[in-house]
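This report describes the model shown below, beginning with a pair of packed helices and then turning to chains, domains and contacts.

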Amino acid sequence: MTDTFEKIEDIEIRLLLQALYDRYHYDFRNYAMASIKRRLRQARERMGFATISAIQERVLHDPAMLPQLLGYLTVQVSEMFRDPNYFRAIREHVVPHLRTYPSLKVWIAGCSAGEELYSMVILFREEGLEERTIFYATDINQDALHAAETGIYDLDRLKVFTENHRKSNGKSSLSDYYSSGYARASFDKSLRQNVVFSDHSLVTDAVFGEMHLISCRNVMIYFDRVLQDRSVGLFKDSLVRKGFLGIGSKESLRFSEHAPAFDDFVREEKIYQRAAR
Amino acid sequence: MIDHPPEAVVIGASAGAIEALSRILPLLPSDFKIPILVVVHVPPDKRSALTDLFEAKCRITVLEVEDKEPLRPGTVYFAPPDYHLLVEDNDRLALSSEEPVLFSRPSIDVLFDSAADVWGERLIGIILTGANQDGSHGLRAVGAAGGTTIVQDPNEASAPAMPEAAIAATPTATVMSLNEIAAYLLRI
């Protein structure tokens with residue numbers, strides 16, 4: 001653009017994100033702009049506001065509106081065993097290394113409503129590693145974390161989950177892990193016995209443990225490069241030497257300043273290993 | 001027709017896309033001056049073969065986008081299956097797995113909207129063959145931002161619904177045959 005003036009909408013977005021941070025300490029200021037803009041336009045239309053400034057005015061004064069707005073700002077789209085080949089690669093290539101540790105820590109960063117978490121716990125149970133593992137499931141969105149802790153999904157989603165699980169070379173039947181009724185599937189609470197759910201932000205919070213595996217897929221695509229670098233740096237500092245990091249199939253560490261700290265492990269599934277150096 | 005030198009081309013296509021794109025992209029020289037971003041509707045669960053196919057046919061560089069991919073001239077960027085493609089700023093692309101729009105992910109509208117935001121009048125938007133309505137809204141956004149709007153002639157499109165819907169949404173769009181579109185791009 002040759003315009004020297006910032007577009008009005010861009011000013012409004014910048015001010016709203018600043019207000020959210022100053023008032024509630026939710027920090028979206030370094031989220032990827034194109035996607036944030038799209039979602040704020042959606043929020044404005046669906047919530048019936050004339051302008052994005054009007055959203056700001058309202059949310060500053062009315063904390064009750066915050067969860068609804070956060071629902072628009074954080075993307076909650078996932079499936080169990082999404083990209084089955086990723087889980088297959090974890091099973092075939094990462095698990096043999098993990099078996100050599102007496103105890104394990106796994107971090108599902110940006111766990112959303114828990115689909116990725118339950119997939120990983122089920123995989124670990126199938127591989128006989130669940131009992132020696134602590135899973136950390138973190139997200140910034142309280143509603144999503146609550147949904148993850150509850151482990152209840154619409155029954156009509158289970159067809160896709162089941163098919164994905166099968167394609168991941170699942171060694172059991174997914175139906176072993178949930179009971180269904182009232183068009184809902186409720187996942188067994190035993191799957192949560194080694195899980196710690198926690199409010200954690202990749203934007204503002206720090207390292208909290210030494211992990212053997214971190215799975216953070218399609219979370220960092222919503223961040224700008226500054227924030228991506230911060231997150232990858234956090235993962236780097238959180239991993240044991242030769243620990244594993246899995247990211248989304250169309251994400252890449254190529255553009256990160258921390259790329260040299262990681263080696264490709266299963267290249268096509270975007271599984272990296274923390275370099276020993 | 002253009003008052004401002006264009007900085008990018010966005011193309012949306014669905015049914016019949018491969019044949020249509022095959023009559024445009026292979027004609028472009030390797031030193032084509034600006035990037036070309038393409039959304040083709042592809043099934044979500046398949047590794048897209050588009051990149052391999054066009055890499056073999058084209059002199060211009062062909063890539064499937066990864067998140068935060070830098071933009072370069074002389075390059076065709078295909079949206080990957082099951083992700084929306086967006087323009088983050090002048091220099092970079094971004095991906096998103098937000099919900100499908102009009103049952104499509106990638107969505108032509110999502111790409112065109114974000115490209116219109118970033119490039120305004122310095123953008124060329126092109127809608128080709130397809131059997132749905134995706135792209136109409138996006139092409140209108142390109143036009144509203146002052147960009148150049150082009151639609152494949154529905155009479156020659158293997159699936160006319162998408163170009164027809166785009167023309168209905170943007171009556172000022174220039175209707176061209178594939179040969180004319182290719183010739184037009186070679187002149188910019």
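How close do the axes of helix α3 (residues 108–119) of chain B and α4(B) come, and at what angle do they cross?

## Helices α3 and α4 of chain B

The model is predicted. In it, the axes of α3(B) and α4(B) come within 7 Å and cross at roughly 10 degrees. Angles under 35 degrees count as roughly parallel, and α3(B) is therefore roughly parallel to α4(B).

On the α3(B) side, the contact is made by B:Ile108, B:Asp109, B:Leu111, B:Phe112, B:Asp113 and B:Ala116. Helix α4(B) contributes B:His137, B:Gly138, B:Leu139, B:Ala141 and B:Val142. By class, the residues of this contact divide into 7 nonpolar, 2 polar and 2 charged.

## Helices α4 and α5 of chain B

Helix α4 (residues 136–144) of chain B also packs with helix α5 (residues 161–169) of chain B: their axes come within 8 Å and cross at roughly 40 degrees. An angle under 35 degrees would count as roughly parallel, and one of 65 to 115 degrees as roughly perpendicular; α4(B) and α5(B) are therefore oblique to each other. Their crossing is right-handed.

Residues B:Ser136, B:His137, B:Leu139 and B:Arg140 of α4(B) meet B:Ala165, B:Ala166 and B:Ala169 of α5(B). The contact of α4(B) with α5(B) has 4 nonpolar, 2 polar and 1 charged residues.

## Chain B overall

Chain B contains 6 helices and 9 strands. Its C-alpha trace spans about 35 × 35 × 30 Å along the principal axes.

Two backbone features of chain B fall in loops. B:Arg105 and B:Pro106 are joined by a cis peptide bond, with omega about 10 degrees; B:Pro106 lies in the loop between β6 (93–96) and α3 of chain B. B:Lys68 is a residue other than glycine with a positive phi, near 65 degrees, and belongs to the loop between β3 (61–64) and β4 (75–78) of chain B.

## Chain A and its domains

Chain A has 9 helices and 10 strands. With a radius of gyration of 20 Å, close to the 19 Å that the globule rule gives for 277 residues, chain A is as compact as a globular protein of that length. Along the principal axes, the C-alpha atoms of chain A fill a box of roughly 55 × 55 × 30 Å.

The domain assignment divides chain A into domain 1 (8–73) and domain 2 (84–274). The C-alpha centres of these domains of chain A lie 29 Å apart. Contact between the two involves 9 residues of domain 1 of chain A and 11 residues of domain 2 of chain A. Helix α4 (residues 66–73) of chain A supplies the largest share of the domain 1 side, 3 residues. That side of domain 1 of chain A has 5 nonpolar, 3 polar and 1 charged residues.

## Helices α1 and α3 of chain A

Helix α1 (residues 8–24) of chain A and helix α3 (residues 52–61) of chain A have axes that come within 8 Å and cross at roughly 15 degrees. This makes α1(A) roughly parallel to α3(A). The crossing of α1(A) past α3(A) is left-handed.

From α1(A), the residues in contact are A:Glu9, A:Glu12, A:Ile13, A:Leu15, A:Leu16, A:Ala19 and A:Arg23. They meet A:Ile52, A:Ser53, A:Ile55, A:Gln56 and A:Leu60 of α3(A). By class, the contact of α1(A) with α3(A) has 7 nonpolar, 2 polar and 3 charged residues.

## Contact between the chains

Chain A puts 17 residues into the contact with chain B, and chain B puts in 19 residues. On the chain A side, α2 (33–47) and α9 (225–238) of chain A each supply at least two residues. The largest share of that side, 5 residues, comes from α2(A). The residues of the side of chain A that touches chain B divide into 8 nonpolar, 4 polar and 5 charged.

Methods: Residues numbered from 1 in each chain as written. Chains lettered and ligands numbered in written order. Predicted model: local features only at pLDDT ≥ 70, side-chain atom pairs only at ≥ 80, totals over all residues. Domains from an automatic or database assignment. Contact = placed C-beta atoms within 7 Å. Helix = DSSP H or I, 4+ residues; strand = E, 2+ residues; numbered from the N terminus. Nonpolar A, V, L, I, M, F, W, Y, C, P; charged D, E, K, R; others polar. Axes fitted to C-alpha atoms, helices over the stretch in contact; angles between N-to-C directions. Parallel < 35°, antiparallel > 145°, perpendicular 65-115°, else oblique. Left-handed = near helix turned anticlockwise from the far one by under 90°. Rg over C-alpha atoms; globule rule 2.2 N^0.38 Å.
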